[in-house]
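Me: I am new to this structure and would like a friendly tour. Could we take it one question at a time?

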Amino acid sequence: MATPQAVQLANRARELAWDGNFPIDPHEIAAGITIVRGSGEDEQRLSITMEGEPLDQLSGYAEFIEAPEPGYRCAYNTDEALVRQRFTQAHELGHVLLKHVSKDHTRLRDTTFNDRGDWREIDANAFAAELIMPAEYVRHQASKIPHISELARFFGVSPTAIRYRLINLGLL
Ligand SMILES: [Zn+2]
């Protein structure tokens, strides 16, 4: 079951930084968000960098970086299928916005997205699903497009991902 807070945060991120086009590009959302930490003289404005690279055995990771300036970094494996890369980008962005990574927490690495009961993974998956397959739009598109493969193409995800989403939303 998707946690309400993660879903809310994904909606908020889209409101802030999405241009309205499908498929939704997590790069654009990350680039459009600045995280403000602290206040007054201690205020820090942190940006989120998203980068693709070949990552052996890893789908992606999220981390806090000190250089070239303090901020967050999401990496995703460019050796994987494009639909998988999009989901990874959204998932890692979720880890950052859900505050799963910080100066004191080292890099969070993802090999699979099986949650294994880890609440951080459950929340990051819920965030990712809502970010790139928003419930409102999935409902609307599913009423017009009956084919899983076409729906998957519209949202830029795998047929498995959209099928899972439809089931979770009670549409299949
Ligand atoms: Zn994860």
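Predicted model: local features only at pLDDT ≥ 70, side-chain atom pairs only at ≥ 80, totals over all residues.

Me: Which residues of helix 4 does helix 3 meet?
Reply: From helix 3, the residues taking part are R86, F87, A90, H91, G94 and H95. Counted over both helices, the residues of this contact divide into seven nonpolar, four polar and three charged.

Me: What word describes how helix 3 lies relative to helix 4?
Reply: The two helices pack with their axes 8 Å apart, at an angle of about 125°. Angles over 145 degrees would count as roughly antiparallel, and 65 to 115 as roughly perpendicular. The angle of helix 3 to helix 4 is therefore called oblique.

Me: What about helix 1 and helix 4: at what angle do they cross?
Reply: Helix 1 covers residues 4-17, and its axis comes within 8 Å of that of helix 4. The crossing is right-handed, and the two helices are oblique to each other. Their axes cross at roughly 40°.

Me: Which residues of helix 4 meet helix 1?
Reply: Helix 1 brings A6, V7, L9, A10, N11, A13 and R14 to this contact. Taken together, the residues of the contact divide into eight nonpolar, one polar and three charged. Those from helix 4 are D123, A126, F127, E130 and L131.

Me: Which residue stands opposite Y61 in strand 4?
Reply: Strand 3 (residues 60-65) and strand 4 (residues 71-77) pair in the antiparallel sense, with six bridges between them. Within this pairing, the residue of strand 4 opposite Y61 is A75.

Me: Which residue takes a positive phi in the hairpin of strand 1 and strand 2?
Reply: Strand 1 and strand 2 run antiparallel and are joined by four bridges, with T34 opposite S47 of strand 2. Between the strands of this hairpin there are six residues. The residue with the positive phi, near 75°, is G38.

Me: How far apart do the C-alpha centres of the two domains lie?
Reply: The chain is divided into domain 1, residues 4-132, and domain 2, residues 133-172. Where they meet, 10 residues of domain 1 are in contact with 10 residues of domain 2. The distance between the C-alpha centres of domain 1 and domain 2 is 22 Å.

Me: Which element gives the largest share of the side of domain 1 that touches domain 2?
Reply: Two elements give two or more residues to that side: helix 3 and helix 4 (119-132). The residues of that side of domain 1 divide into six nonpolar, no polar and four charged. The largest share, four residues, comes from helix 3.

Notes:
Residues numbered from 1 in each chain as written. Pairing = 2+ DSSP bridges. Domains from an automatic or database assignment. Contact = placed C-beta atoms within 7 Å. Nonpolar A, V, L, I, M, F, W, Y, C, P; charged D, E, K, R; others polar. Axes fitted to C-alpha atoms, helices over the stretch in contact; angles between N-to-C directions. Parallel < 35°, antiparallel > 145°, perpendicular 65-115°, else oblique. Left-handed = near helix turned anticlockwise from the far one by under 90°.
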